Amino acid sequence: MIPSVASLFQATELGQDIRPLVIGERTNANGSRRFRELLLNDDYQGCLEIALEQEAAGAHVLDVCAAYAGRDELRDMTELVRLFAGSLRMPLMIDSTTPSCIEACLRIYPGRCIVNSINLEDGGVNIRKVCALVKKYGAAVVALTINENGMAMTTEDKVTTAREIHDIAVNEFGLRPHDILFDPLTFTVGAGDETLRDAATQTLDALRRIKAELPGVFTLLGVSNISFGLSPYSRRLLNSVFLHEAVEAGLDAAIIDAAKIVPLARVSEEDREMCLDLLFDRVKDPEQGPLMAFIEHFTETDGENTDDAESDDDRRRPEQVLVDHVVDGRKEGLEDQLNILLTRNTPLAIINDLLVPAMRHVGDLFGRGEILLPFVLKSAEVMKAAVSFLEPLMEKDESEAVTKILLATVQGDVHDIGKNLVEIILSNNGYQVYNLGIKMPVETIIKKAREYDVDIIGLSGLLVKSAIVMQESMPQYEAAGLQAPVLLGGAALTPKFVAESCVPPYSSPVVYCADAFAGLKAVREFEAGTLAATTYNASSTPKRMRPGAKTAEIDRTITVPSVPFTGVRHTRDIDPAVLFPFINEQALFRGRWGYRRGKMGAEEYRDLIEKDVRPLYEDFKRRAVEDALIQPQVAYGYFPCRSEGDALIVIDGTQEHVFTFPRQEDPPHLCIADYFRTAEEGGDVAGFFVVTIGPNISEATHELYDANAYHDYLMLHGFSVEITDALAEYWHEMMREELGFVGDSPDTLTGYAVQEYRGSRYGFGYPACPDLDAHKPMFDMLKPEKIGVSLTEQMEMVPEQTTSAIIAHHPQAKYFAV
Amino acid sequence: MRHICINCGYIYDPKKGDPMNDIPPGTAFEDLPDEWVCPMCYATTENFDPLD
């Protein structure tokens, strides 16, 4: 178990990989005038602003203190905690010594917070009340080394007091050592108090001894106390140098203004020496002590160090700036940073030590729901650009052995968005990816797997049929003697299918991957030697519901509508703009594009949509028309028909085509054929269509992919999918009008999503008629070749952005799944 | 709170429930059974976003 604290939104480890855990200090009524004034005006929203600034500045946890004379601490704290809990990602530190106030906050805080603080000032009364609460609510607690004699000044006193507190908290109240953060107190070395000349040393030694003598506990300091009484600029430098020394001595957490931490690398050698002299009371000039020398030095240099004029980038280490470029998905200035880093790092070290860990961090953030897929792709673009810049600078033999992965979309399947997302994620996490493309025969995959000597094979496919292709190919891979584990991904796959149908025929692990990040996880497991075949446990997986009509009783007396014509027509003159009102924006933004609301508040999400998403959407709509990206074309017709059992016999002139539809195995045993009348009932009519938006947008999409514009690639692809659906929705409405169903259009887009109109359209390949073989007779009837649509050997339509359907006019006909 | 399916745009409204899956009115989204899926496109609950 990793000791952590948590907000409603995230867990934060107390022991950060890169210490210290930064605890923001500006929301303290005693420490910040701005905060105090807002509090005195009951301006809690204003207080939240400061909290958000601290979060943006990099605080991991926020200390909140509202204890101020004349104020109702309990009311202020509970108001602030409630407000902050809903708005801040970082967990809170409840800074109060009043047990009733602490308990009120613990009760309402939706996570694990830290209580600040306990001590032995009153001989052990209050500490016992607070420890009981900390135990009851499972919190963590800060312990100050204060006893009945006051604040512990010497290392010995600090350690002794810590030990006494540890005894009470752990032995009496059952807290675990890692629930406690000991603060051995910091006193200023800047006020000229002779008794405090060695204060830094006493505190640093206490840190070392507490860590050594009380195993498992954490340590904390209010770092900026070290520099009280000094000028603001010199304080920042002294705080930074002291922080560095404290971390070296074992400091885990620091209460500090996150915005004012100066990286040690930004402190000049000379300034640093001055700080160290003061901290360790090193007398170099017998005429004046280190404090006077320090003050004199910084009086001279203070003027020229108005660092507010510097940009943020300049103030941070270039390593951190590069990592931020990747995490923020920001390409501007990237090459400058790389050039700076190249003066002291090899290209390979920049990739392995900075870029790859940065991308992993991005992946982790995505995994925790803290960033959205579009932003991951922006980061991957930066990664790609950085690697492309560095690669020519690398020695040939410098590129070390990395895991090699082959990717392919299986035979008969043209869908490549899923496979390409996997390539983006894997290649930008430092792996060597061979992307063979779409419609790949088994033989080619085997040949290339041998040729490239790959470690892992990844297969993708959207179609139900592709799942079968994968299943049938596994014995072939086995017979060919391949030993690379096989990762399988695709919309039609389930862990059950993979475990039961794909795992057994192949000796090496066959692993189901739900998305690109599951693929990344599998590759890492392969490297760690822990990759295992997918297993399926029926009892732990709920059986999915099967929504749909609950009765099989279908009204046989519905009048057959009169059709405007029988046979087929082709239409090419459709203005793309008429489709826009039919675009399912919710599915586009949230589903296709990945701009999910997730943990955001309603307002924050609305802002994101209006600021980032809608402008992109408007631009695509403009380009759809101006650049002829969308060329809607339709092949459609009406045909006399009759149902016979599970089949629909469709009459096309002198020919009869048989469409056989599956019937539900469970009640109510629905089948599409049931919605049409039999010969005895007088026969019926059926509509069919094939609609396409043409090949241009697919080409534009692939150009974006080839140009490594990952973000726009995903966006344009998603747009093309949804506008194809919009065309189907639009044309279905046209056909309902032709059939005379006037005034049955839904009022809202949601109305279309839930079929608030007469009848239904069933897409081939979808749940009510999953078999794509129906495309064959339909192509005979509709001749969609005339609008540029053809079929693959797996009965899939090309171009990709094409869809087909049979239209039933029966009012009871609605979606269902077989 | 209402939730929206990110795949098809169907809105689950607790006030209405979901007759297609025999979910009575007044059932909170969080209280839907594990085996519940979108009545329109069969997406599982993790494919839903809060709406209000």
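Which residue in β12(A) is the bridge partner of A:Gly222? I looked this up first, and the partner is A:Ile255.

A note on the model before going on. I am working with a predicted model, where local features need pLDDT of at least 70, side-chain atom pairs count only at pLDDT 80 or more, and totals for chains, interfaces and linings use all residues. Residues are numbered from 1 along each chain as its sequence is written, chains are lettered from A and ligands numbered from 1 in the order written, and side-chain values use heavy atoms, leaving out hydrogens and water.

Next, the strands (DSSP runs of E, at least two residues, numbered from the N terminus, as are helices, H or I, at least four). I found β11 (residues 218–222) and β12 (residues 253–255) of chain A running parallel, joined by 3 bridges; pairing takes at least two DSSP bridges. I then followed the barrel: 8 strands of chain A close in the order β3-β4-β5-β6-β7-β10-β11-β12, with parallel pairing. The twist averages 25° from one strand to the next.

Then I turned to helix α2 (residues 44–56) of chain A, which lies across β3 (21–28) and β4 (61–65) and runs at about 160° to β3(A). Angles run from 0 to 180 degrees between N-to-C directions, with axes fitted to C-alpha atoms, for helices over the stretch in contact. Contact means heavy atoms within 4.5 Å. Helix α5 (residues 126–137) of chain A packs on the sheet too, touching β6 (114–118) and β7 (140–144), at about 165° to β6(A).

Last, I checked α12 (residues 318–328) and α14 (residues 347–367) of chain A: their axes come within 9 Å and cross at roughly 40°.
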